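Hi,

Here is the structure I promised to pass on.

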Amino acid sequence: MKIKPKVGVVSCSGECCSLGTLSRVATRIALEELRPDQTVTICLPLFLAGETEEHDFAKVFPTIAVDGCGKLCAKKAITKYSKEPAACFDIEALLKEWGVEPPRNRRVLDVNGVEMARRVAELLADKVDEIQEVA
Amino acid sequence: MTKPILVIPCSGIGKPFGSISRDATFLVCDELRPGKVDTLCLSLLVMGDAEARSRVASSKCITVDGCPLECSKNNVERSGGKVAAQCRVMDLLRENRGLKPRTVTFLDEDGEKLSKQLAERIAAKVDELMEEAE
């Protein structure tokens, strides 16, 4: 039996606006509820500030970058210190595509915000399956 | 008007402590001391964003860390910032041994209690730093 590698999911968790909260909550839902046995994560600031061990994270695990805005910190960080992520999500672009406004509150997501996060998390889970399929 | 103080949480994602650091920071920025403090994306700062680095270099910074790795403090210092005060979730946990936060995505009751305490502690540091500046 072939053991499929776990997939790393790295969220930007940006503090400037609610998009960072959305990236974070969607990532946690994917990790905790949707694909708990197939995913792992690392704090982006730790990955960035870390040494070889932390930077090896994305070399060991095929990794999905989940960015709140177009600055794409997670994607750029993974590319810079490890290798090109297996997949990237830009939440800001995704919401535009869906025609929905970002949540108003960055601290606590309202019902609509949580629903958006779940929708993103479903996409993440599908991507995890896809990556594992290829691996 | 005095320049806003920057409160920068680690926002760690693996354990509840990072969520507490983040939640407390937003409480201070948006509810307890609006206009007196601001925050910025730690990852953006560490990625070397010029505007973020300039803001950190020219502001008083309070770092808020969830775990002993102190990513916020270390990264602010590495980015040319001066840490005027530091708040640590671990210190609060030691003082509140009965509180055991367990959830990361959405804080549970104990997590919220710790966040509120931490926010009050950060707000007190903000007041101290503001007084010093006057």
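Start with strand β3 of chain B, residues 61–65: the strand is mostly covered, with five of its five residues buried. Do keep in mind that this is a predicted model. The cover on β3(B) comes on both faces. On one side sit B:Cys61, B:Thr63 and B:Asp65, on the other B:Ile62 and B:Val64, and all of them are buried.

Which strands does β3(B) pair with? One is β1 of chain B, residues 5–9, which pairs with β3(B) in the parallel sense over four bridges.

Now chain B as a whole. There are six helices and four strands in chain B, and along the sequence they follow the pattern β-α-β-α-α-β-α-β-α-α. The radius of gyration of chain B is 14 Å, close to the 14 Å that the globule rule gives for 134 residues, so chain B is as compact as a globular protein of that length. Its C-alpha trace spans about 40 × 30 × 20 Å along the principal axes. Of the 134 residues in chain B, 49% are buried. As for contacts in chain B between residues at least 6 apart in sequence, 66% join residues at least 24 apart.

Last, the interface. How many residues of chain A are in contact with chain B? There are 26, and they meet 27 residues of chain B. On the chain A side, α1 (18–34), α2 (44–49) and α5 (73–81) each supply at least two of the residues that touch chain B. The largest share comes from α1(A), with seven residues. By type, the chain A side divides into twelve nonpolar, six polar and eight charged residues.

Over to you!

Cheers

Conventions:
Residues numbered from 1 in each chain as written. Chains lettered and ligands numbered in written order. Predicted model: local features only at pLDDT ≥ 70, side-chain atom pairs only at ≥ 80, totals over all residues. Rg over C-alpha atoms; globule rule 2.2 N^0.38 Å. Buried ≥ 20, exposed ≤ 12 C-beta atoms within 10 Å, placed from the backbone. Contact = placed C-beta atoms within 7 Å. Nonpolar A, V, L, I, M, F, W, Y, C, P; charged D, E, K, R; others polar. Pairing = 2+ DSSP bridges.
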